[in-house]
Amino acid sequence: MQDKGVRMEVISVDVPQYDSQFAAAKKANFELLNRILGGVTHNIRHVGDPLDLLGAFKSKEYSATAYYSGPFRIADTMTIKVKVTKKSSAEKFPSTSKYSDRSRSDDATHTVSLDTEFRAVSNPDEVVPPEDNVKAYKYGKQTVPISSEEENHLKYLPEKDMQAIGFVSLDQIPRHMYMKDSWLVAPEKENPRAHVAMSALARALHRMQKACIIRFVPRANQAVFVGCATPLLGGTERPDCLVLNNLPFTEDVRSYKFAAFNAREELQPTRDQLRAAEDLVDALDLAQDGSEHLKPETTANPALHRFFAFMAARALDPDAQLPAQDLQVQHTLSCPFGHKDQAQAALNRLSEQFSVQQQAMPDLGDVDAAAAPELLGDPEAEFRIGEAASSRVDSVSTQSPLDDFKALIQQGQMSDAVEGLQKAIYTLVDTSLGDRFYNKAFNCIPALREACIEHGQGQAFNTLLEQMAAKYEHDRLRADFWRRITDAKITLVSTDESSAVETTHDQSEAFLQQHTPTQQAEAQEAAPMEEEEEEDEFAGME
């Protein structure tokens, strides 16, 4: 078998409760196995639980393909030839592919190709060619177009590199900062000097409890990331190496502020509660029997196991139904000590120490508003429900201008309401990023016009509209807002609507016609401004 290149993978299942019953047969089997393995390359794995067998058979074997192969630079004076491979990576479900059986040809591939075409919004029958398309990014409520050439110039395109930035203590990098997959940084196989240098670095980090911060660009023109390399000491079968984990940038960190638990005495656990929690940790120790339970190397993913089991059944029988839930798989990630007396006793003690009592809430159904604060635990409070309902509005805000405007009118402050809403409209338009606040400002104008007509202040609205026409009609940045007003046919209040004004109906219509932008004016506004030719101040210098 050795001459044929055969390699044996041996899995030994040790079930302690059956050792005495099959001791003789087990001894004979091991003697026979040792004679077979004497001249064959092999690997023996021992499992102590039937559930561990699920992780003993891999659905897919991976070769150690180098994701990065090149120099690991330490400052500018030393380099180590290394190879970087994945240490761990999440196994994904297999993806499906599109299949078509419409072709009856013998050489048909049955693949499905997708063609995408874009059509203009203004004319759905018009197909926009790909060269006329451009990417756009959302910026607030605006859409900012960026061409592919501009996007390429914006990219940060570093060269392929792996460089040590510095060293920090291990306790300064909490494990919750690790992101994505883990990578193995190993010395080049046929390079003895690289092995010696990597071993020295890894053992120094291990002895000093330090980590190496690395700037890593695995491929040219790819994104750069900062990683934390921790030592992984080897032995007779593997060299000393480093385990590299990706660290977040400041934009990747999510910081949430919570009140400190030590701020209030009632939030501190008692001595008995601490002892009960310690007993629970000891009782559920996964390594208390001398061997670790639920080791990642032997713990299979139950979801993947069920999926591949069904795929195997469906491959043999196209009409196979979904299999029932496998009880063994369901208990793969269950607590192995949940049924033991020691664990159950620790759980019971913990429940007694952290018992929850339901407190009855007072019935406020028959209590008046004046007595409610006293029952809620604040006898000195002066707040009353009636006061909340009758809270006054002093000004018109830009957050809710229409609500504040109506509230001031109800309070009999018509002049303050009109003046405040005018200021709010100007503020919303002048501070708007693009057309972000235009809708809110525009919705205020019809409401203001209607209220001014109703309360005999039509002249105030006319003055506002004339001032807005003078300010925004020819403003290149704000002309869109004035165009919304003219498109809605909003004009001056005439004598037909209010006797408090002197503007006639014809004058009102003439104002709207005069200040409505024409197509020629719109084209001139949209045309780019001509740049004046600047005088070269250095033209006469040699």
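**Figure 1. Cysteines in the predicted model, where a search of the whole structure finds zero disulfides.** A disulfide is here a pair of cysteine sulfur atoms within 2.5 Å. C228 takes part in none, and the nearest cysteine sulfur, belonging to C212, is 8.5 Å away. C228 counts as buried because its relative accessibility is 1%, and C452 is likewise classed as buried because its value is 0%; buried means under 20% relative accessible area, with exposed set at over 50% and partly exposed in between, using a 1.4 Å probe and protein chains only. This is a predicted model, in which local features need pLDDT of at least 70 and side-chain atom pairs count only at pLDDT 80 or more, whereas totals for chains, interfaces and linings use all residues. Residues are numbered from 1 along each chain as its sequence is written, and side-chain values use heavy atoms, with hydrogens and water left out.

**Figure 2. The closed barrel of seven strands, in the order β3-β4-β10-β13-β12-β11-β9.** Pairing within the barrel is mixed, and the twist from one strand to the next averages 40°, taken between N-to-C directions on a scale from 0 to 180 degrees, with axes fitted as lines to C-alpha atoms. Strands β11 (residues 210–217) and β12 (residues 225–232) run antiparallel and are joined by five bridges, two strands being paired if DSSP finds at least two bridges between them. R215 has V226 in β12 as its bridge partner. In the protein chain as a whole there are 16 helices and 13 strands, defined as DSSP runs numbered from the N terminus, with helices (H or I) of at least four residues and strands (E) of at least two.

**Figure 3. The largest nonpolar core, with 36 residues.** Such a core is a set of buried Ala, Val, Leu, Ile, Met, Phe, Trp, Tyr and Cys residues joined through side-chain atoms within 4.5 Å. The residues with the most contacts inside this core are I425, L448, M468, F481 and I485. Two or more residues each come from α10 (401–410), α11 (414–430), α12 (438–454), α13 (458–472) and α14 (479–487), and α11 gives the most, with nine residues.

Figure 4. When neighbours within four places in sequence are left aside, I425 is in contact (heavy atoms within 4.5 Å) with A441, C444, I445, L448, M468 and F481. A second, separate core of 23 residues includes F72, A197, I214 and F216. Across the protein chain of 542 residues, buried residues make up 25%.
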